[in-house]
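Let me put the structure up, and then I'll walk you through how its parts pack together.

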Amino acid sequence: MEVESTAFLELKQVTTGYGDVPAVRNASMVFDRGGVSAVIGSNGAGKSTVIKAAVGLLPVWNGQIFIEGVDVTTEAPHKRLARGVAFVPQGRIVMPEMTVRENLDIGAYILGNDRRRIAATIERLVATFPVIGQRMDQLAGTMSGGEQQMLAIARALMTDPTAIILDEPSLGLSPKFVDAVFEKLVELAGQGLTVIMVEQKASRALTVAERGYVMHTGRVIYTGEAASLLENPNVQQLFLGEVPEEVERMLNLNDFDEAAHAGMAHT
Ligand SMILES: Nc1ncnc2c1ncn2[C@@H]1O[C@H](COP(=O)(O)OP(=O)(O)OP(=O)(O)O)[C@@H](O)[C@H]1O
């Protein structure tokens, strides 16, 4: 295992997909420690797919994934978790028939039987998520959607990760809860956590993120500071569901890297 990068998490030219159909091609992303990054793009752009490959839930066909410079491309998800990359899947999956406390305990499974550490972590999380502290004995399934998302995030934080990757944390939430969840993610990033979110609510996500990756038909087509992506007319056009000429040209190039090297893929 050689040292290849100083970023916390890096995807290098990752291609992956389902069966023999590629859904993501040559995707490169670099996530340094701290801050909020957003991976955005329309339905089916490949956002969830690339993130599943990053956490080890989908095999990488081509390319590499590094955590702190270590090549983890073929490592199992629990090993990547132990290296500090936690994942909150789409749909705020909590165990509805279990209490809030039991859900948190599940999140701590890689800590083994270290009850003292688990209790200390729960105490720390309750300070960040007061709503959870008030509902430790409530069945998770009886919480509101926003509260369940907070619980899903808190559960992912039980292992004290360096980075948390969230697949559409705003999905199905009312605007008030979307704000609450995004505010919490910004607060966590302020405490030093690396927050990476996959979002369909693109402009909202770029408002809270510092950096963004815009995906379209399985490619990362724009990368840059969130503010400059928000101002980019081509990105704005994509938000409206239109495909700008520049993007058409990029996708038509035989070797997509040519476009990246020509500076088109970066703002
Ligand atoms: N389990 C699967 N089996 C086969 N194809 C899949 C599977 N999951 C996703 N795909 C396909 O892969 C492509 C990328 O899907 P992906 O879910 O990554 O997109 P996305 O950008 O996350 O969109 P969404 O926001 O709708 O989830 C799509 O064409 C989709 O139909």
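So, α6 and α7 are roughly parallel to each other, where roughly parallel covers angles under 35 degrees. Helix α6 is residues 145-156 and helix α7 is residues 175-190, and they pack at an angle of about 20° with their axes 9 Å apart. Those axes are lines fitted to C-alpha atoms, for helices over the stretch in contact, and angles run from 0 to 180 degrees between N-to-C directions. Helices here are DSSP runs of H or I with at least four residues, strands are E runs of at least two, and both are numbered from the N terminus. From α6 the contact uses G145, G146, Q149, M150 and I153, and from α7 it uses F177, A180, V181 and K184. In contact means C-beta atoms, placed from the backbone, within 7 Å.

Quick housekeeping. This is a predicted model, so local features need pLDDT of at least 70 and side-chain atom pairs count only at 80 or more, while totals for chains, interfaces and linings use all residues. Residues are numbered from 1 along each chain as its sequence is written.

On to the sheets. There's an open one of 4 strands, in the order β2-β1-β4-β5, with antiparallel pairing; to pair, two strands need at least two DSSP bridges between them. Its edge strands are β2 (21-31) and β5 (70-71), each pairing on one side only. Strand β1, residues 9-18, is joined to β2 by 7 bridges, and Y18 has V21 in β2 as its bridge partner. Helix α1 packs on this sheet, touching β1, β2 and β4 (62-67), and its direction makes about 115° with that of β1.

The other open sheet has 6 strands, ordered β6-β7-β8-β3-β9-β10, with mixed pairing. The edges are β6 (85-88) and β10 (219-225). β6 pairs with β7 (residues 163-167) in the parallel sense over 4 bridges, and A86 stands opposite I164 in β7. α1 turns up again here: it lies across β3, β6, β7, β8 and β9, at about 145° to β7.

Which residues surround it? Y18, A23, G41, N43, G44, A45, G46, K47, S48, T49 and Q200, going by C-beta atoms, placed from the backbone, within 6 Å. Helix α1 (residues 47-55) gives the most to that shell, with 3 residues. By class, the shell has 3 nonpolar, 7 polar and 1 charged residues, with Gly counted as polar and Tyr as nonpolar.

How values were computed. Parallel < 35°, antiparallel > 145°, perpendicular 65-115°, else oblique. Contact = placed C-beta atoms within 7 Å.
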